[in-house]
Amino acid sequence: KLEEENTSPLQSVIDFFNNPPNLPVDIFLHILQLHNIQIYFTDDGNNLNLALQNTSLEFDKLNIKEPFRISFYTDLFFDNTSVQIKRFPIAFNLYMHLKDFDFSNATSYINSLILSNNGTLFTIDLKLDNYKNPHLILEAVGTNFTNKFIEPLNNLPAFIIPQINLNADLNFNLDTLFLKLNSLKFITSFSNTSAEGDINLLDKITYKIKSDTTIYLDKLNQTTTLISDFEPNGKVLANVNLTENDLIAKIDLQDVSANNKTYFGNIKNLNGKIEVKSIKDIEISNINALLNGNRLDLSAKYHETQDKALLEASLKAKKLYLSYDTKTLFGKKNKDIDKKVNNQNKQENLEGKTEENQEQKSLLHNWKLPPLTTKIKVDIKDLKAPSINGKDVKFTLNLDNVQSDLSKANGKLILETKNGKIKDIYTLTEANIVVKSLFV
């Protein structure tokens, strides 16, 4: 019938709920228990293996008039070329009330859907009212969520999130395929997010979502050493409005601090605002902070029209004392490195990265942006760093007609300093391509 009428599976489900069967007799099954079921599935073509082991399924007072219960347990095993799950227990109790297939009033409730693996535990409660135009309420609690939860996460750096809470309330219209997110709250040990919005899945997907997020940076220390090595503190607030065409956001940095001798030293009292009026109009208001005890001020903005774009940035500091470990940050450099080694490295890069370079070039060509004008100014009265120091240091970058594929640019790049001294040009020029272009 589906082939004859060319009806989609989703439409068939919708038609079933709109026109439920009219059964001539009542159905009642007092109890049905199935235990120790083993199910195996293999797809050699896709190198996929799936198994449900130790599976138990129990129906208690199954009928179409009164509430009944379904209990389920299984151990999931999954293996393909990219994902391997050795054992993943799944268990839940499902309570249903079909009300004689009056799906407008039918209800379902999943109590304590349990997902547990390698010390991580997720408990999920889910309530569904009105099968014709479903109203869904979801509550989920996770404890000790780590990268060991499932194998695809194992490749990530080690992390642990002690507590996760998710609450969602949404309505879905099956006829118009319109999803309304009444409310969503996502709370972790270090953040708090609330959201609401609409998603239209009919024909062209459109959406409009609003969210508010607060991140407590000191709590991030508990998650991973990648973050705790920087000893972050302070608070970040973000208000985001997202549509299929644009992004509007306001980000507020409040008393942010960090400490890491390898990269920058110590940052304190970092405050400022970032406003995204659209993805083509971004402004960083005056961000100020104490870097190694000395104040610096940073501001920037990006504005794009159909035929041109402008990037402006400014950094000012009376004293800028940088503290970092040059050996760790840039690697050990010997001024006696001869040209033979450099030429050998260049040849290896040319031979080994030809395909990678071609791919990067194609990505840049596909990244369509209007010609960019760049105006960057750095003004530092007193600069001290492991590789360079100077007085009245001024750096200016003025470029016009910068193409999105970086194939063309016109302008000037100037560095001025008084009483300056470069202590280690080899380390300094390893910082980035802009610094290297000044000296090499």
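Lysine 316 has its place in strand β17 (residues 309-321), where a strand is a DSSP run of E with at least two residues, numbered from the N terminus. The model is a predicted one, in which local features need pLDDT of at least 70 and side-chain atom pairs count only at pLDDT 80 or more, while totals for chains, interfaces and linings use all residues. Residues are numbered from 1 along each chain as its sequence is written, and side-chain values use heavy atoms, with hydrogens and water left out.

**Exercise 1.** Find which residues form a positive surface patch, and which strand gives the largest share.

Begin with the term: a patch takes residues with over 30% relative accessible area and no salt bridge, like charges being joined within 9 Å and nonpolar side chains (Val, Leu, Ile, Met, Phe, Trp, Tyr) within 5 Å. A salt bridge is a side-chain nitrogen of Lys or Arg within 4 Å of a carboxyl oxygen of Asp or Glu. The positive patch consists of Lys316, Lys375, Lys377, Lys381 and Lys394. Strand β18 (residues 372-384) supplies its largest share, three residues.

**Exercise 2.** Locate leucine 34 and state how exposed it is.

Leucine 34 belongs to strand β1 (residues 28-43). With a relative accessible area of 34%, leucine 34 is partly exposed, a class between buried (under 20%) and exposed (over 50%), taken with a 1.4 Å probe and protein chains only. Together with Leu29 and Leu32, Leu34 makes a nonpolar surface patch of about 200 Å².

How values were computed: Accessible areas come from the Shrake-Rupley method with a 1.4 Å probe; for residues, only the protein chains shown count as cover. Lys and Arg count as positive and Asp and Glu as negative; His and the chain ends are not counted. The place of a charge is taken as NZ of Lys, CZ of Arg, CG of Asp or CD of Glu. Helices (H or I, at least four residues) and strands (E, at least two) are DSSP runs, numbered from the N terminus.
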